Structure formats: C-alpha cells, structure tokens
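Dear colleague,

I am passing on the structure below, together with notes on what I found when going through it. Please read them with the model open beside you.

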Amino acid sequence: MSSKTAALVMGVGPEEGLGGSLCKRFAKEGMTVFVCGRTHKKVENLCTIINDTSGNAIPIVADVTDEDDVINMMEVISNSNLPLELAVYNAGNNRPESFLDVNPEVFISMWKVLCFGAFLTSQAILKLMIEQQGMTSKQSLFFTGASGSLRGKAGFSSFASGKGGLRMLVQSIAREFGPKGIHVAHIIIDGVIKGDKVVNGFPEYAESLGEDGLLDLEAIAENYWYLHQQHKSAWTQEIDLRPFKETF
C-alpha cells in the first residue's frame, strides 16, 4: 500500500498501549506511521505488526527530551518526502510519591518528559507543517493529557506540575497556530487505560473496576481520529475521556 501522507506518534511503548493503538488506527487510514519510542525492541515489534497487516510503519528510536534526537527524528520524517498530516505527543511517565520525598532530579526528569519534550518536538513539527502547507488538506498536532492536567492530587506533585504545564503550553500553541490552519488539541485521559501496564501489571486492580471500568484503547484512538476529521469551522481544542462510572 502506498501512502500519500504521514502520521507521527511519539511515546510508543508496548503494542497494548495508547501509543501502539494510535499507530495502528492511523495506519488503518492508509497513512505511513512513524513509530517513535525509546525502546528499540518495542518500536520494531509494533512496526512489524503494522507492516505485516498491510500497513506502513517506520521505526524511530528517540528520546523526545534530547534535542539531537528530535533533530534526527525530523530528518527521518522529512527525508520520506511525505507530508506530515498528523502528529501526537504521547510521551509520559508517572510515579506516586510524597511531596517531601520528591528530590529535584525526579521533579526535573518528570517535567522534561511531560512538558519540555512537548516543547522541543512541537517547535520542530510546526516548522515542518508550515513548510508543507498545501501538500495535505489537514494538519493536526495532538497531545495526551491526564487527570493531573486538571487537578493536582496528593502524592502526585511532579506529575501534576508537568501535565498542568503541558496543558498551558498546548493552549498557547493552539491560539497561535490554529489561525494558521493547524488543528492543535489536548486530549485528557481521565481514568485508567485498559493497556498492558495495568492489565498485566495490576490484574486484581483492573478486575476490580469491572466491565468498561477502564478506558478501551480502540475507543480512545477513535476519538483522536475523530478530532483529526473535524471541519475547521468547528474544531475542538480540548476533550476529556473517562469511563462512564469514573468519578470526576
């Protein structure tokens, strides 16, 4: 299958994760998907799965908080000669910890992944998209948020600081580049995702949430695609997703 446009998903881990589901959803639409993550084995595995099911996927191993890695990532995309139609910043990490136990190194490293990496990659992506305007009918740049984007819970000061900063960064970018024809949106995942990390790592907890108590990966990915398909006269800048039984 030959592709006319490309998508980039950053922060890809296991196949049964949000990054993996987004890659497979975009590949289903005939786009060449650049699969970007820090772990070579996971990135290559997902690309093999997509390429073996009539899709097009290209692996990129990169740390999105490293400027040189971001430059190399963009070179791979530019050299493909495919216009970048859609990009998603999905990189993140989390760790519960009492505020008085958080050391500066942990706080900075969390902020770098959750917020600084979004700054670095967005600058590079937006420059490319501006250069490529007219080569594709749509251009979208999306960011994955979380419950911590809206509220800082006890024990999650580092996470909430990074996610809250990301949300403000995205709002600023949206107000500047929306009028230039680039759809910038923030997707808040307010609940537990039914992915490898929870299902296999904490099976009893996952089971306790009951039927449809976790966010379904395909359902989340469908919402990202829905946002990308919106008509420019009615764009959504922020959307929140949660299971029907989730308290908020």
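S54 sits in the loop between α2 (40-51) and β3 (56-61), where helices (H or I, at least four residues) and strands (E, at least two) are DSSP runs numbered from the N terminus. Its phi is near 70°, a positive value in a residue other than glycine, and S54 is exposed, with a relative accessible area of 55%; here buried means under 20% relative accessible area, exposed over 50% and partly exposed in between, with a 1.4 Å probe and protein chains only. Most residues other than glycine have a negative phi.

Please keep in mind that this is a predicted model, in which local features need pLDDT of at least 70 and side-chain atom pairs count only at pLDDT 80 or more, whereas totals for chains, interfaces and linings use all residues. Residues are numbered from 1 along each chain as its sequence is written, and side-chain values use heavy atoms, with hydrogens and water left out.

In the segment before β1 (6-10) lies S3, which counts as buried because its relative accessibility is 16%. Its side chain makes polar contacts with the side chains of T32, at 2.8 Å, and N56, at 2.9 Å (a polar contact is a pair of N or O atoms within 3.5 Å; within protein, one must be able to donate a hydrogen and the other to accept it, and residues adjacent in sequence count only if both atoms are side-chain atoms).

Finally, helix α1 (residues 18-28) and helix α8 (residues 217-229) pack at an angle of about 55°, with their axes 9 Å apart; axes are lines fitted to C-alpha atoms, for helices over the stretch in contact, and angles run from 0 to 180 degrees between N-to-C directions. That makes α1 oblique to α8, since angles under 35 degrees count as roughly parallel, over 145 as roughly antiparallel, 65 to 115 as roughly perpendicular and the rest as oblique.
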